[in-house]
Amino acid sequence: MPTPSESLVAMRDAAPLVQCITNFVAMNFAANALLAAGAAPAMVHDPEESGEFAAVARAVTVNIGTLSPRWLAGMSEAVAVAQKAGTPWVLDPVACFATTLRREGTGKLLQMQPTIVRGNASEIMAIAGEDSSGQGVDAGDPVAAAEAGARKVAEASGSVVAVTGEVDYVTDGTRAVRIAGGSALMPRVTATGCSLTTVCGAYAAVVEPFDATVAALVHFAAAGELAADKAEGPGSFIPAFLDALAAVGPDTLNEDRVSVA
Ligand SMILES: Nc1ncnc2c1ncn2[C@@H]1O[C@H](COP(=O)(O)OP(=O)(O)O)[C@@H](O)[C@H]1O
Ligand SMILES: Cc1ncsc1CCOP(=O)(O)O
Ligand SMILES: [Mg+2]
């Protein structure tokens, strides 16, 4: 079982190609976050090419933030090829409770057994069939309220499920850990969650899904702290966070951020 530091070294050595099907809001930031973290992004979503591209990607990440039926088709094509090739794929169910298109789309994607599901507490509670208080893309529930639902989803789907927030929670239905750290500025900037999902894909390209998810979340927690030390508010946090994603090394991914839940 690699430590987050070992996973970081493996990820940077491989600089894996990550196919991202993400939303219009996050596309640029997520690509920059992947590059800063040490991976290689490609934003390829149209159904005319998404399956073909998935054949060469080391991981596929799917985010429903600005969903449309055509985007959903592009997601299904890419995921089908990833599954067949044994390539890990990550689902980010942005505001999955908000509309019929999102509910149905998330249901279809979950049936395709994501390797990892990463969302905020309200999104994971909704997937678990529980009432949640999400406000659009933002969580309205604490992580603790989503932990039981996360375990249920992991058991039912075989996915590793990550609930992020002030203290993150990761489970595969059997094991569970919490990850502390980060900064209160992270939810005040758009697309931190979306970019974290793509970085989960980068790690899943090189280590097992549970270890990959923990390493990605620890990487973000460490980078968030480093960036918050330098930033004066959300605006200056954005470039500081990209710098910090690149600056963190194996020595800064402190093991004591992770505790068994
Ligand atoms: N209050 C907080 N304190 C520290 N880190 C946070 C806080 N809220 C969110 N984060 C971090 O921000 C990142 C994105 O998580 P989150 O805001 O839950 O996702 P989303 O943007 O999808 O709602 C994660 O790395 C998470 O740990
Ligand atoms: C604001 C917004 N609207 C649709 S997708 C999106 C980005 C959400 O990003 P995140 O889930 O990382 O906060
Ligand atoms: Mg989100």
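**Val 199**

Setting aside neighbours within four places in sequence, I found Val 199 in contact with Ala 33, Leu 34, Ala 37, Ala 216, His 219 and Phe 220. Contact here means that two C-beta atoms, placed from the backbone, lie within 7 Å.

I noted the ground rules. Residues are numbered from 1 along each chain as its sequence is written, and chains are lettered from A and ligands numbered from 1 in the order in which they are written. In this predicted model, local features need pLDDT of at least 70, side-chain atom pairs count only at pLDDT 80 or more, and totals for chains, interfaces and linings use all residues.

**The core**

Which residues have the most contacts inside the largest nonpolar core? I found Ala 30, Val 199, Ala 202 and Tyr 203, in a core of 90 residues. Helix H9 (residues 209-230) gives the largest share of this core, twelve residues. A nonpolar core is a set of buried Ala, Val, Leu, Ile, Met, Phe, Trp, Tyr and Cys residues joined through C-beta atoms within 7 Å. A residue is buried with 20 or more other C-beta atoms within 10 Å of its own, exposed with 12 or fewer, and partly exposed in between; the C-beta atoms are placed from the backbone. Helices (H or I, at least four residues) and strands (E, at least two) are DSSP runs, numbered from the N terminus. I also wrote down a general point: in soluble globular proteins, nonpolar side chains tend to be buried together.

**H2 against H8**

I checked helix H2 (residues 27-37) against helix H8 (residues 192-204): their axes come within 9 Å and cross at roughly 40 degrees. That makes H2 oblique to H8. Axes are lines fitted to C-alpha atoms, for helices over the stretch in contact, and angles run from 0 to 180 degrees between N-to-C directions. Under 35 degrees is roughly parallel, over 145 roughly antiparallel, 65 to 115 roughly perpendicular, and the rest oblique.

On the H2 side I listed Phe 29, Ala 30, Ala 33, Leu 34 and Ala 37; they meet Cys 194, Ser 195, Thr 198, Val 199 and Ala 202 in H8. By class, this contact has eight nonpolar, two polar and no charged residues. Ala, Val, Leu, Ile, Met, Phe, Trp, Tyr, Cys and Pro count as nonpolar, Asp, Glu, Lys and Arg as charged, and the others, Gly among them, as polar.

What else do the buried residues of H2 pack against? I found strand E1 (17-21), strand E2 (40-43), H8, H9 and helix H10 (234-247). The buried residues of H2 include Met 27 and Ala 31. Just after H2, Gly 38 takes a positive phi of about 125 degrees.

**H8 against H9**

Next I took H8 and H9: they pack at about 135 degrees, axes 8 Å apart. They are therefore oblique to each other. H8 brings Leu 196, Val 199, Cys 200, Tyr 203 and Ala 204 to the contact, and the H9 residues include Pro 209, Ala 216 and Phe 220. I noted ten nonpolar, two polar and no charged residues.

**Loops**

I found Gly 182 in the loop between strand E8 (176-179) and H8. Gly 182 is buried, because 26 C-beta neighbours lie inside 10 Å. Its contacts beyond four places in sequence are Phe 220, Ala 221, Gly 224 and Glu 225.

Ala 191 is in the loop between E8 and H8. Its phi is near 80 degrees, positive in a residue other than glycine. Ala 191 is buried, with 23 C-beta neighbours inside 10 Å.
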